[in-house]
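Please consult the sequence and the structure shown below while reading.

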Amino acid sequence: MFKSEAASWFRIYEMFQFKSFHMYGIIGSALAIGVVMTQLIKRYKIKSAFGETIVIPDKTKSFYRYSLGGIVFGLGWGLSGACPGPIFTLLGAGFLPIIVVLVFAVIGTWVYGMLMDKLPH
Amino acid sequence: MEWIFKPWPWYIGGPMIALILFLLLFFGKSFGMSSNLRTLCTLCGAGRNSDFFKFDWKTQQWNLLVAVGAIIGGWIAMHFLSSETAVLLNEDTVAQLHQLNIKSAGKAYLPEELFGLDALLKPKIVASLALGGFLVGFGARYAGGCTSGHAISGLSNLQLVSLYAVIGFFIGGLIMNHFLLPYIL
């Protein structure tokens with residue numbers, strides 16, 4: 001995350017400005033390999049290190065939770081420049097103010113948990 | 001081997017993410033970082049007030065370990081594997097950011113104005129970081145995943161709902177970037 005600059009606020013800003021291929025290259029190449037890998041695992045029923053067939057469950061079908069949740073996440077991503085993975089990475093790299101982001105991400109998660117029954121899913 | 005100490009190109013970063021996905025699947029797990037935020041809530045006792053957080057956090061220990069790994073990785077990358085960390089951005093982006101008063105664009109890894117230590121002394125900046133974090137946490141749980149869970153794992157599994165989530169991520173990001181950041185910064 002760190003070396004590829006996916007954890008950099010600047011790169012996320014640039015991505016939403018469509019001014020560089022970099023972030024799209026990272027996500028795109030990860031996905032290209034990921035799709036092939038996942039389909040191969042499913043088709044050939046590849047076994048895990050523990051000897052069990054790897055099961056990759058389908059996600060529950062719905063529309064609103066994914067779209068609305070996605071938009072809320074995107075707003076945060078654009079503002080903080082960080083998704084959960086990079087938050088941990090930046091913490092390790094020593095950018096202390098990211099602690100504020102982490103603490104409020106946990107609070108945001110908690111508030112969702114308290115409000116979820118009242119939200120469209 | 002010099003290249004290791006410079007920023008890594010996308011064709012190294014992307015495949016490495018795919019490698020992580022592979023390792024996690026190979027060990028019978030999944031790749032989804034935002035679940036850790038939920039586990040952290042449970043560790044803080046959120047299960048007392050809400051069923052959503054009432055689960056055995058020990059089943060998620062492996063995922064917490066991935067998060068710890070990310071922390072260690074960031075530390076190693078910053079302190080041992082980087083001779084230069086300034087992100088070389090597109091010129092237009094640097095100019096744009098200068099207009100928004102982010103002068104560290106093109107010269108640093110993160111904007112000093114938002115992530116430098118003195119940023120903690122400015123209430124407006126702290127509020128922005130807090131709001132950003134809150135939206136990420138709330139949104140990721142609502143959507144049932146973040147970029148790792150949906151954009152990487154979900155789309156790799158050809159899940160249509162992950163596409164809805166990723167489109168949502170982009171809509172949100174674009175709105176923030178183009179319409180809101182100029183007012184917030």
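## Basis of the model and domains of chain B

Which domains does the domain assignment of chain B give? The assignment gives domain 1 (1-83) and domain 2 (122-185); such bounds come from an automatic or database domain assignment. This is a predicted model, in which local features need pLDDT of at least 70 and side-chain atom pairs count only at pLDDT 80 or more, while totals for chains, interfaces and linings use all residues. Residues are numbered from 1 along each chain as its sequence is written, and chains are lettered from A and ligands numbered from 1 in the order in which they are written.

The C-alpha centres of the two domains of chain B are 17 Å apart. In domain 1 of chain B, 9 residues are in contact with 10 residues of domain 2 of chain B (two residues are in contact if their C-beta atoms, placed from the backbone, lie within 7 Å). On the domain 1 side, helix 1 (10-26) and helix 2 (35-43) of chain B are the elements that give two or more residues; helices are DSSP runs of H or I, at least four residues long, numbered from the N terminus.

## The interface between the chains

The contact between the chains takes 100 residues from chain B and 88 residues from chain A. Helix 8 of chain B provides the largest share of the chain B side, 18 residues. That side divides into 68 nonpolar, 29 polar and 3 charged residues. Here Ala, Val, Leu, Ile, Met, Phe, Trp, Tyr, Cys and Pro count as nonpolar, Asp, Glu, Lys and Arg as charged, and the others, Gly among them, as polar.

## A pair of crossing helices

The axes of helix 4 (residues 84-93) of chain A and helix 3 (residues 61-80) of chain B come within 6 Å and cross at roughly 45°. Axes are lines fitted to C-alpha atoms, for helices over the stretch in contact, and angles run from 0 to 180 degrees between N-to-C directions.

The residues of the contact divide into 11 nonpolar, 5 polar and no charged.

## Residue I46(A)

I46(A) lies in the loop between helix 2 (22-43) and helix 3 (64-80) of chain A.
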